[in-house]
Amino acid sequence: RKRVVRISTGSKQFDSILGGGFQSMSISEVFGEFRCGKTQLSHTISVIAQLPVELGGANGKVAYIDTEGTFRPERIAQIAERYGVDPEATQENIAYARALNSEHQLELLNTLSREFSGGAFRLLVIDSIMNCFRVDYCGRGELADRQQKLNQFLMKLAHMAEEFNVCVLMVSIILSSFLFGMLYSYLTLLAQTNQVQSDPGASSLFAGADGRKPVGGHVLAHASTTRVLLRKGRGEERVAKIQDSPDCPEREAIYIITNGGIND
Ligand code: GTP
Ligand code: MG
């Protein structure tokens with residue numbers, strides 16, 4: 001049986017409000033205004049995921065989908081040094097992909113599924129999830145299309161998290177959070193209705209939303225979603241706040257961004 005692992009953020013306070021870190025077999029979302037540390041967290045967790053479990057890691061490889069061109073291998077090296085691990089080996093354990101557009105972003109998941117089937121990956125980072133979709137579907141009339149493609153993407157993510165025991169960390173910006181709010185209520189509803197396997201209404205709703213046959217109800221039910229709002233605090237401080245998590249209370253933690261990544 002697959003066991004859920006928790007990956008540390010680099011900050012003990014931040015970890016504690018998450019109950020130890022971001023979970024595998026689950027999708028987590030961090031969102032917030034610019035420069036609050038979403039990309040720095042993405043870098044930090046990409047290093048920590050490779051560490052042994054005793055050190056807050058998951059002893060696994062990492063996949064990183066970058067839609068904004070803000071991934072910096074040099075930062076990975078600096079963070080690796082903080083943890084006393086080899087910078088080059090750490091960089092090599094990160095499968096990096098620059099998503100060029102939303103179609104490509106979707107396709108990348110298929111490529112990654114094949115990679116993940118080897119069982120070595122424990123973390124998938126997407127920084128940020130909406131960027132390509134925003135550009136590709138900018139017209140008002142295209143909102144429904146965008147929603148459908150986004151749904152498809154999220155379904156696939158949920159499936160991968162569950163199937164390969166991977167922690168999915170996705171970054172979104174605050175502007176799109178209302179849209180995600182809608183999507184998540186929708187997904188939560190689907191997860192709940194899909195648990196009742198005999199409900200024909202749920203299946204047809206699911207099939208309609210995804211444009212394909214409904215997948216097993218266990219997938220979304222297990223891929224619970226944790227959302228964390230990041231914001232600037234006093235001075236160099238940043239604040240993380242849990243939002244509507246299924247298993248964590250809504251608490252806040254203060255963290256800072258250092259050369260070695262996210263820290264207390
Ligand atoms: P957007 O992508 O613009 O929405 O922002 P973000 O939330 O991804 O912010 P990001 O993670 O890029 O954090 C930016 C902050 O990290 C800035 O305040 C930088 O000063 C800080 N930062 C970036 N690199 C370093 C570094 O090498 N050392 C330190 N100490 N801070 C850094
Ligand atoms: Mg960023």
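Let me start with the sheet. Nine strands form an open sheet in the order S5-S4-S6-S7-S3-S8-S9-S10-S11, with mixed pairing. Strands here are DSSP runs of E with at least two residues, helices are runs of H or I with at least four, and both are numbered from the N terminus. Two strands pair if DSSP finds at least two bridges between them. At the edges stand S5, residues 94-98, and S11, residues 261-263; each has a single partner strand, so one side of each lacks a neighbour in the sheet. From one strand to the next, the twist averages 25°.

A word on the source. This is a predicted model, in which local features need pLDDT of at least 70 and side-chain atom pairs count only at pLDDT 80 or more, while totals for chains, interfaces and linings use all residues. Residues are numbered from 1 along each chain as its sequence is written, and chains are lettered from A and ligands numbered from 1 in the order in which they are written.

Overall, the protein chain has 10 helices and 11 strands. Of its 264 residues, 44% are buried, meaning that 20 or more other C-beta atoms, placed from the backbone, lie within 10 Å of the residue's own; 12 or fewer is exposed, and in between is partly exposed.

Now strand S4, residues 61-66. S4 runs parallel to S6, residues 121-127, and six bridges join the two. Across that pairing, Ala63 is opposite Leu124, and Ile65 is opposite Ile126. With S5, S4 is also parallel, through five bridges; there Asp66 stands opposite Arg98. Five of the six residues of S4 are buried.

Next, the helices on the sheet. H2, residues 38-48, lies across S3, S4, S5, S6, S7, S8, S10 and S11, and runs at about 165° to S6. Such angles run from 0 to 180 degrees between N-to-C directions, with axes fitted to C-alpha atoms, for helices over the stretch in contact. H7 packs on the sheet too, touching S3, S6 and S7, and its direction makes about 130° with that of S3. As for burial, 11 of the 11 residues of H2 are buried.

What about the core? The largest nonpolar core has 64 residues, and among those with the most contacts inside it are Ile7, Ile45 and Leu123. A nonpolar core is a set of buried Ala, Val, Leu, Ile, Met, Phe, Trp, Tyr and Cys residues joined through C-beta atoms within 7 Å. H7, residues 143-164, gives the most to this core, with nine residues.

Note on methods:
Contact = placed C-beta atoms within 7 Å.
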